[in-house]
Amino acid sequence: MTEAVVLNNVSKSYGSFPVLKDINLSVEPGEKIVICGPSGSGKSTLIRTVNRLEKHDSGSIHVDGIELSDDLKNIDQIRSRVGMCFQHFNLFPHLTILQNCTLAPVHVLKASRQEAERTAMHYLEKVRIPEQAQKYPSQLSGGQQQRVAIARALCMKPRMMLFDEPTSALDPEMIGEVLDTIDALAKDGMTMICVTHEMGFASRVADRVVFMDAGQIVETRPPKEFFEDPRNERTKKFLSQLLN
Amino acid sequence: MAFSFELFIEAMLTPAMIRGAGIALVLTVLVFVISFFACLPMALWLGSKKKLRNIAAKLYVWVFRAAPVILILLFVWNGTPQLFPALLKSSWFTPFVAATVSLVLITIAYMAEIMRSALSSVAPGQGEAAQALGLGRFQTFRLVVMPQALRIALPPMVNEFINVLKVTSLAYVISLREIMAVVNDSIAATFRFVEWYTAALVYYLIIVSLFMMLQGIVARRQSKADLA
């Protein structure tokens, strides 16, 4: 079986500042990976290289067996298979919720409008928000907007989802509803890579937790071991800071 | 001599005047539409990180914002035939064409600045989200970035439209028969300044009002999305 994602010696720097150093990671289909680490450790950059929102400088990245190169065809192919949710949702403010969900299926997958709307309603129901379909993003709460963003990504029928701190911009009372949605998606068997500081969510959902610091992967372990018996000093320090 | 209402109405209804107003309106719309499409690449170049493009665009804007409209009009109408004598014999190089070219050159510079600032005010996350969904670069621009930039650019664009309408009056210097040219000639024949100037003013007011109504309709359509 092909790996969902394989990163091989991936490095990247902004000018002379290295943000990713020799990253090696492979993700099996159906696997749930949580990436955590202090801010500036390169977690967001790492998942953004997987759908080429950031270009890596060296090493190789394969997604679903396709190598990410400068070939635009490959990039488009990978992007339509990999869904992504952002910290600030990034819904399109000039389109209704339903139009947000149908834009890419209609223009990228060339689905008919009726078909795209049917799919959109299906996923809006899945994230428990179908009654908002005709509203605009600015009329929704942050938690609702992030659930729409998840539905919008799912409308492309991705094989994998990337989450870049999906709850960091949310009020505390809205974090739960978004994590529950991602939880449900995980139970359906979706492959996912999630950057988050929600350690409860990590221990509940993740198959492996990746801890990053200063552009490197420090340890990669199952959540139980990771939380109960961190091996590395930096991990211990991070976890104790998170708990206090 | 008191203001003669009859003469004013007569001035309003003179065929030359109506045709002059038509020329001003058509010229304005034509200049505006051409400039709008031509300003897009210029706006992208103004915001480009590529040095050469950026400098070329800035140089263009610098020149055409500094140059007086009359100078550009005379330059295009009198100057280009000196460089390309074939233009003198050509039947298509009319004052209307020269005025269109001149005003497009100037309007591009102003509209490019408006579009650049509107495009840069669209959050970068918008383009990223569109690309992450698999939309190509052109689709992202057309379907996601541009509609949001246009909403921001609408009020200054309408200002620019009104501005273009007003500077069409300068095209009388290259003998384009627009409103002011007709007015000047009529005054030379009748010495009735007030009636003819008032008639011209009313025509400009009518054209501007028409487009402000149009702006109102567009803005109302957009505001649905900005409720909260």
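In chain B, helix H6(B) passes helix H8(B) in a right-handed crossing, the near helix being turned clockwise from the far one by less than a right angle. The model is predicted, and its local features need pLDDT of at least 70, while side-chain atom pairs count only at pLDDT 80 or more. Residues are numbered from 1 along each chain as its sequence is written.

The axes of H6 (residues 95–120) and H8 (residues 137–167) of chain B come within 9 Å and cross at roughly 140°; helices here are DSSP runs of H or I with at least four residues, numbered from the N terminus. Axes are lines fitted to C-alpha atoms over the stretch in contact, with angles from 0 to 180 degrees between N-to-C directions. H6(B) and H8(B) are therefore oblique to each other, a class for angles that are not under 35 degrees (roughly parallel), over 145 (roughly antiparallel) or 65 to 115 (roughly perpendicular). Their contact (heavy atoms within 4.5 Å) involves residues including Leu103(B) and Tyr110(B) of H6(B) and Phe141(B) and Val145(B) of H8(B).

The axes of H5 (residues 142–154) and H6 (residues 172–187) of chain A come within 8 Å and cross at roughly 20°, which makes H5(A) roughly parallel to H6(A). This crossing is also right-handed.

Thr119(A) lies in helix H4 (residues 113–126) and counts as buried because its relative accessibility is 17%, the limit being under 20% relative accessible area with a 1.4 Å probe and protein chains only. Beyond its neighbours within four places in sequence, Thr119(A) is in contact with Cys155(A) and Lys157(A).

Notes: Chains lettered and ligands numbered in written order. Heavy atoms only, no water. Helix = DSSP H or I, 4+ residues; strand = E, 2+ residues; numbered from the N terminus. Buried < 20%, exposed > 50% of the residue type's maximum accessible area, 1.4 Å probe, protein only.
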